[in-house]
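Reader: I have a protein model open and would like to learn how to read it. Could we take it one feature at a time?

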Amino acid sequence: KPRITLLNAKPEFVRQEAQVIAQAGLPGAVTIATNMAGRGTDIILGGNPEGLTKLALMRLLYGRLLRASERRTLPSVPLSQLDPYDTDDFAALTRIPHATPDHPHAGLPRPLHEVLSTAILISFAAVQQQQQQQQDQQDEQQG
């Protein structure tokens, strides 16, 4: 089933525009663009790697650091390859395979795998630090 998106390049939609453009060239994506005259916007077949990486990082990292009520504002990234990275299990994160010359479809390309894994590991530490600070504040209030 194709994913159909309407891109209307009006000033009030500028924040969503980059997200739509990054995903426009993905397989199964149908993007209808209006008001694009003179914008100089290229849609890359297969998706824009830089834009998709930014969206993936937003979804994976901000999702860990935001309150549940704020998470609904995060963009969806229709890439099943990112699903294994959406975990709170440190051990599972270290077992995610990456693509190699011998196994090019084993996972994400190694550079992207390393960046995502590192960023998620940093988010683990940030969440733990935040939890520790909350515990310290509670201890202070009680004592």
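Reader: Let's begin with Ser117: is Ser117 buried or exposed?

Author: Burial is judged by relative accessible area: under 20% is buried, over 50% is exposed and anything in between is partly exposed, using a 1.4 Å probe and protein chains only. Ser117 has a relative accessible area of 11%, so Ser117 is buried. Keep in mind that this is a predicted model, where local features need pLDDT of at least 70 and side-chain atom pairs count only at pLDDT 80 or more, while totals for chains, interfaces and linings use all residues. Residues are numbered from 1 along each chain as its sequence is written, and side-chain values use heavy atoms, with hydrogens and water left out.

Reader: Which helix holds Ser117?

Author: Helices are DSSP runs of H or I with at least four residues, strands are runs of E with at least two, and both are numbered from the N terminus. Ser117 sits in helix H5, residues 110–142.

Reader: Which residues does Ser117 touch?

Author: Contact means heavy atoms within 4.5 Å. Not counting residues up to four places away in sequence, Ser117 touches Tyr85 and Leu93.

Reader: How many residues are in the largest nonpolar core?

Author: A nonpolar core is a set of buried Ala, Val, Leu, Ile, Met, Phe, Trp, Tyr and Cys residues joined through side-chain atoms within 4.5 Å. Here the largest one has twelve residues, including Tyr85, Leu93, Ile96 and Leu108. Helix H2 (49–65) and H5 are the elements that give two or more residues to this core. H5 supplies the largest share, four residues.

Reader: How do H2 and H5 pack?

Author: Two packed helices are described by the angle between their axes and the distance between the axes. The axes are lines fitted to C-alpha atoms, for helices over the stretch in contact, and angles run from 0 to 180 degrees between N-to-C directions. H2 and H5 pack at about 20 degrees, with axes 9 Å apart. That makes H2 roughly parallel to H5, since angles under 35 degrees count as roughly parallel, over 145 as roughly antiparallel, 65 to 115 as roughly perpendicular and the rest as oblique.

Reader: Which residues make the contact?

Author: Among them are Ala56, Leu60 and Leu61 of H2, and Leu116, Ala119, Ile120 and Phe124 of H5.

Reader: Where is Gly63 found?

Author: Gly63 is found in helix H2, and Gly63 is buried, with a relative accessible area of 17%. Gly63 and Ser123 are 60 residues apart in sequence, yet 9.9 Å apart in space, C-alpha to C-alpha.

Reader: What about Ala22?

Author: Ala22 belongs to helix H1, residues 14–24. Its relative accessible area is 3%, so Ala22 is buried.

Reader: How many helices and strands does the protein chain have?

Author: The protein chain has five helices and two strands, running β-α-β-α-α-α-α from the N terminus on. Of its 143 residues, 29% count as buried.
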